[in-house]
Each structure stands twice: as structure tokens, then as C-alpha cells.
Amino acid sequence: MTKIDRAVLLAAGRGTRMREMTAELPKPMLEVRGKPVLQHIVEGLRDAGIREFLIIVGYRADAVQNFFGDGSRYRIEIQYATQVVQDGTGRVVDLARNFTGGSPFILSYGDILIDPANYKRVVDLAEDVEAIITVKRGEDVSKGGAVFLNEQMELVDLREKLKPGEPTSPWYNAGIYTFRPSIFEFTAKLKPSPRGEYELTDAIRELAQSGKKVQALELTGEWADVRDPDVLAKLNQSF
């Protein structure tokens, strides 16, 4: 199997819950511990051996492009693609089809901070499976994706924002994945979810239920979804 050397980062959204903090910047460019969230991600992936990046931009794309440029100061190559309509994470992946060129790739949401040691674990495991979904324990599954696994830590089901009384899982979707080109078959068939968006998680569920192996990897150490001002303030206090 080929080693992964490319990553797709999703940085198109404004992050409306950040209110006035994102008046000038997209959420992934907000600073945690002295540098933008997106810079933490780029450097962590680079140190794990990723050399080619596609950053999907949208809201205030200039802020991202002016900061990172072509990637040369990080000793990597960065390309950009624009999500014109903010209609969910499922459609965004299609923008990466040409960039990935039939090779496996890592995909990360642009507002997820993890202990950087995990990136190498993701890269190494990716050689043997169709897809990886990273998971954390002990998070509130009403705020994101509940991940249902079998004894082999393989994905069985994936449900967004569970309501009280629905079957639950201790595993929370941690927002970093690896895919092979097979994911594009499933993103192409997506229908809008109840909130009117094309959800990447729906495509991942279909991929797993088609018989392809989607392996879960539990992340170690610190993890944060920089979703609102409270999380941002806590992260910067703990520095």
C-alpha cells in the first residue's frame, strides 16, 4: 500500500458561533496559544510526513491564502480550492477529487486541535484500511457525531447530534479521517440531510455499510473542537 503524503483541510466556514471574532477571519484562523488553529494542523501533519496540502477556503479566503501562501515557508506545497456555496461537508470533499489524483489522503476539519503525536498514528494506520475515522471518549454526543463500533473498532454506524432517548455510544467523532478514492462514489450520491446540507458523515456511513472497512482510531492526549468562544478562551487560559 502507498504511504499517505497529502491532506485536505476544510477551512471555508465563518464559524457564526464565534460572533464578532470572525468578522474579519474565518474560524480556523483564530489564534490558540499564539498561532492560528490551522497553523497547528498544518505543522502537525507536515511533521508526520505530509507534503502536499489542499486547503478548502470560502469565507474570507484571502486571510488564509495571505497567511500560508504556497506553503514554501513550511517546506510543503499548498493548493487552494473554493467552496462557493456553504452546503455542507459532503460536497466539499468532491472539490479534492483532482488534487488527490487517485491516492489516499487525510482530511481534517480546520477547527480541530489534537496532540500532534496522533497525526503519525493516523498516517501509519492508513496504509492498511479503506478509511479511518478518529474518535474520542467522554465527549457530549449531542454536540456532534456518535460513532458506533464493533469489537474490532470498525465503524458500524454514525449518527449526528443524538436526541435524548436515542441509542447512544461512548465514541465521539473527532473530526480527522483518511480516505481512499472510493469515498468519492459515496459523496456523489449524497442527498441533503434534514438540516439541508450534504453531510460527509452520511457518505462515511454508506461506505462502511457497503462492506468497506472503516477503522476507528482513538486519539490520545489533548483534543479540542474550537467550536465557540468558551472553548477558545479555555484553550488559551490553559497555555
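## The F105 and F184 pair

F105 and F184 are both buried, where buried stands for under 20% relative accessible area, exposed for over 50% and partly exposed for anything in between (1.4 Å probe, protein chains only). This is a predicted model, so local features need pLDDT of at least 70 and side-chain atom pairs count only at pLDDT 80 or more, while totals for chains, interfaces and linings use all residues. Residues are numbered from 1 along each chain as its sequence is written, and side-chain values use heavy atoms, with hydrogens and water left out.

## Aromatic pairs

Rings of Phe, Tyr and Trp (its six-membered ring) pair if their centres lie within 6.5 Å; planes under 30 degrees apart are stacked, over 60 edge-to-face, and the rest tilted. That rule gives seven aromatic pairs. F67 is partly exposed at 27% relative accessible area, whereas F68 is buried at 3%.

F105 and F184 are stacked instead, at 5.9 Å centre to centre and 20° between the planes. This pair ties together distant parts of the chain: F105 is in strand β6 and F184 in helix α6 (residues 183-187), 79 residues apart. Helices (H or I, at least four residues) and strands (E, at least two) are DSSP runs, numbered from the N terminus. F105 and F184 also belong to one aromatic cluster with Y109, Y177 and F179.

## Charges over rings

Here, NZ of Lys or CZ of Arg must be within 6 Å of the ring centre and within 35 degrees of the ring normal. R73 has its charged end over the ring of F67, 5.2 Å from the centre. Over the face of F186 you'll find K189, 4.9 Å from the ring centre.
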